[in-house]
Amino acid sequence: MADTIRIEDIAQHEGEEVTLQGWVYNHTDTGKLVFLWIRDGTGFAQCVIFHKDVTPELFEAAQGLTYESSVVITGVVRQDDRAPGIPGGYELGVSDLEVLQIAEEYPIQPKEHGVEFLMDNRHLWIRSQRQWAVLRVRATIIEAIRDWLDDSGFVNMDTPILTPAACEGTTTLFETDYFGDLAYLAQSGQLYNEADIYAFGRVYCFGPTFRAEKSKTRRHLTEFWMVEPEAAFCDMDQLMEIEEQFVSYIVQTCLDERAEELELLERDTSRLEKVAPPFPRISYDEALDIIAEIREETEDPELKELLQIEWGDDFGSPHETELTERFEKPVFVYGYPTAAKAFYMEPWPDRPEVSKSVDLLAPEGYGEITGGSERISDLELLLERLAEWNLPREAFEWYVDLRRYGSVPHSGFGLGLERTVTWICGIDHLRETIPFPRMLTRVYP
Ligand code: 4AD
Ligand code: MG
């Protein structure tokens, strides 16, 4: 009996008879010859069935296959440079075929479908080649994230999803009924990370986070995954050094390990190849100057309008997009106005209206992929901020404690997984970067 192999390993089996288990992705029947594209989750292989090589029953069975029918298929692996596939260059000369199920007429056909239709059929759409490629890149990014952090002294500490208080502002909280009390779905694990660093030095959490954002942009999900590293004895400059190493490693790992997927996605990888430390660093004030320059230079009245901004405002996507067009690599923007960011940010020395915050903006218009800062370490200042932000003291008492027992300068950031996948894959909407996206107008399937 032939060995069952995975398509991704097909090259190692040239000349051998092997068995593939998978689904019919495409089907061409010339009368004398049936070409099948079989996918098995690890790749796509062309399988060729010659009328003269097999029994009439087998040939008829092959002719009757529909899209997404499930099969076990056996044959000899042949090298052929013209054979399409992932990996390409090999095909199967079929000698046996077992049909497990003939699929009903498959709703997704090789033609253009509207996005809403595809999203309604997301449970099937994930089988398509492009979606498969994107989600494989996602899995590799997750692996790279963990590898780099684990190897750099960050200890994985899981933080709770049900929480009594807000981290990133009260307007985007999902409320849940917690046995008669109010609890919220976590917007971020950061506050708990800050407790964890006092036990472990450097930590990270990595999990789903929730924002009841009423925004319908292509960069927002209501449920997204965020990895949040946090480090004791770390200031904003040291934080940027960590981030540029980390992000560069993630990108380079994808280039090494997911070249075929990126090619399938038609990603221009030359831009990604440039992603290596150091990344440029500009202050918020400098960023405003650049935006003012762009506004002056542009002859597009709509863009002029979109780029309208005053000192104190946070950037919107148009600002981020235009700014990053000026840089080849991801760019750090640091020193945002205190009022535009979260309550926990350390103020700039002698300039309290500015915070020691830093966002990393991806090139090619992909916008903010990380947000982070140095955290307030002084007890009195934190108490003042909680009051100014009208945050309930009781819910934050444990967090305040951290400033009572061995407080140290510390910093951290959060990297949005789906934003990172979007950028690395070069696609334009976050909804394709997570298996089952949750958005303002979608919780199905
Ligand atoms: O900038 P944010 O809100 O920062 C925090 O939550 C901090 N507490 C993180 C920390 O310092 N530990 O979010 C961090 C990142 C953003 O840069 C973005 O990549 C992503 O999370 N993000 C979203 N991704 C998808 N949909 C949304 N609605 C997102 N909101 C933020
Ligand atoms: Mg942010």
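How many nonpolar, polar and charged residues does the lining of the second largest pocket have, when its residues are sorted by class? The legends below take up this question first and then turn to other close-up views of the model, which is a predicted one.

**View 1. The second largest pocket and the residues that line it.** This pocket holds about 490 Å³ of space. Its lining is made up of 21 residues, and those closest to the centre of the pocket are Tyr25, Ile108, Gln109, Pro110 and Ser128. Two or more lining residues come from each of two elements, strand E2 (17-29) and helix H4 (129-151). Sorted by class, the lining has 9 nonpolar, 6 polar and 6 charged residues, which answers the opening question.

**View 2. The largest pocket and the elements around it.** About 1,100 Å³ of space lies in the largest pocket. Its lining counts 47 residues, of which Glu168, Arg211, Glu213, Asp314 and Glu368 are the closest to the centre. At least two lining residues are supplied by each of strand E13 (223-232), helix H11 (317-324), strand E19 (367-374), strand E20 (410-416) and helix H14 (417-425). The largest share comes from E19, which gives 5 residues to the lining. By class, the lining of the largest pocket divides into 18 nonpolar, 16 polar and 13 charged residues.

**View 3. Strand E3 between its two partners, E2 and E4.** Of the 7 residues of strand E3 (residues 33-39), 6 are buried, so this strand is largely enclosed by the rest of the structure. E3 pairs with E2 in the antiparallel sense over 6 bridges, and Asp29 stands opposite Val34 of E3. The hairpin formed by E2 and E3 has 3 residues between the strands, and in this hairpin Gly31 takes a positive phi near 100°. E3 also pairs with strand E4 (residues 44-50), again in the antiparallel sense, over 7 bridges; here Leu36 has Cys47 in E4 as its bridge partner. The hairpin of E3 and E4 has 4 residues between the strands, and Gly41 in the turn has a positive phi of about 95°.

**View 4. An open sheet of 3 strands.** The strands of this sheet follow the order E9-E11-E10, and their pairing is antiparallel. Strand E9 (162-163) and strand E10 (175-178) stand at the edges and have a single partner strand each, so one side of each is left without a neighbour in the sheet. E9 is joined by 2 bridges to strand E11 (residues 181-185), to which it runs antiparallel, and Leu162 stands opposite Leu185 in E11.

**View 5. Gln187, a buried residue in a loop.** Gln187 lies in the loop that connects E11 and helix H5 (190-200). Its relative accessible area is 3%, and because a residue counts as buried when this value is under 20%, Gln187 is buried. The side chain of Gln187 has a polar atom 2.9 Å from the backbone nitrogen of Cys167, and this side chain also reaches the backbone nitrogen of Glu168 at 2.8 Å. Leaving aside neighbours within four places in sequence, the residues in contact with Gln187 include Ala166, Gly169, Thr172, Phe210, Arg211 and Met226.

**View 6. The cavities of the structure.** The structure holds 2 cavities of 30 Å³ or more. The largest cavity has a volume of about 80 Å³, and among the residues that line it are Thr163, Cys167, Gln187, Tyr192 and Trp398. The lining of the largest cavity has 8 nonpolar and 3 polar residues, with no charged residues. The second largest cavity holds about 50 Å³ of space, and its lining includes Arg218, Arg219, Tyr366, Arg419 and Asp428. By class, the second largest cavity is lined by 4 nonpolar, 1 polar and 4 charged residues.

**View 7. Helix H12 and its surroundings.** In helix H12 (residues 379-388), the buried residues are Leu381, Leu382, Leu383, Arg385 and Leu386. These buried residues pack against strand E16 (347-348) and helix H13 (393-401). The N-terminal end of H12 is capped by Asp378, which has a side-chain oxygen 3.3 Å from the backbone nitrogen of Glu380. After H12 comes Asn390, which has a positive phi near 55°.

Note on methods
Residues are numbered from 1 along each chain as its sequence is written. Chains are lettered from A and ligands numbered from 1 in the order in which they are written. This is a predicted model: local features need pLDDT of at least 70, side-chain atom pairs count only at pLDDT 80 or more; totals for chains, interfaces and linings use all residues. Side-chain values use heavy atoms; hydrogens and water are left out. Two strands pair if DSSP finds at least two bridges between them. On a 1 Å grid over the protein atoms alone, a cavity is a set of points where a 1.4 Å probe fits but cannot get out, and a pocket is an open set with protein on both sides within 12 Å along at least five of seven lines; lining residues have an atom within 4 Å of a point. Grid points are joined across faces, edges and corners, and a volume is the space filled by probe spheres set on the points. Ala, Val, Leu, Ile, Met, Phe, Trp, Tyr, Cys and Pro count as nonpolar, Asp, Glu, Lys and Arg as charged, and the others, Gly among them, as polar. Buried means under 20% relative accessible area, exposed over 50%, partly exposed in between (1.4 Å probe, protein chains only). Contact means heavy atoms within 4.5 Å. A polar contact is a pair of N or O atoms within 3.5 Å; within protein, one must be able to donate a hydrogen and the other to accept it, and residues adjacent in sequence count only if both atoms are side-chain atoms.
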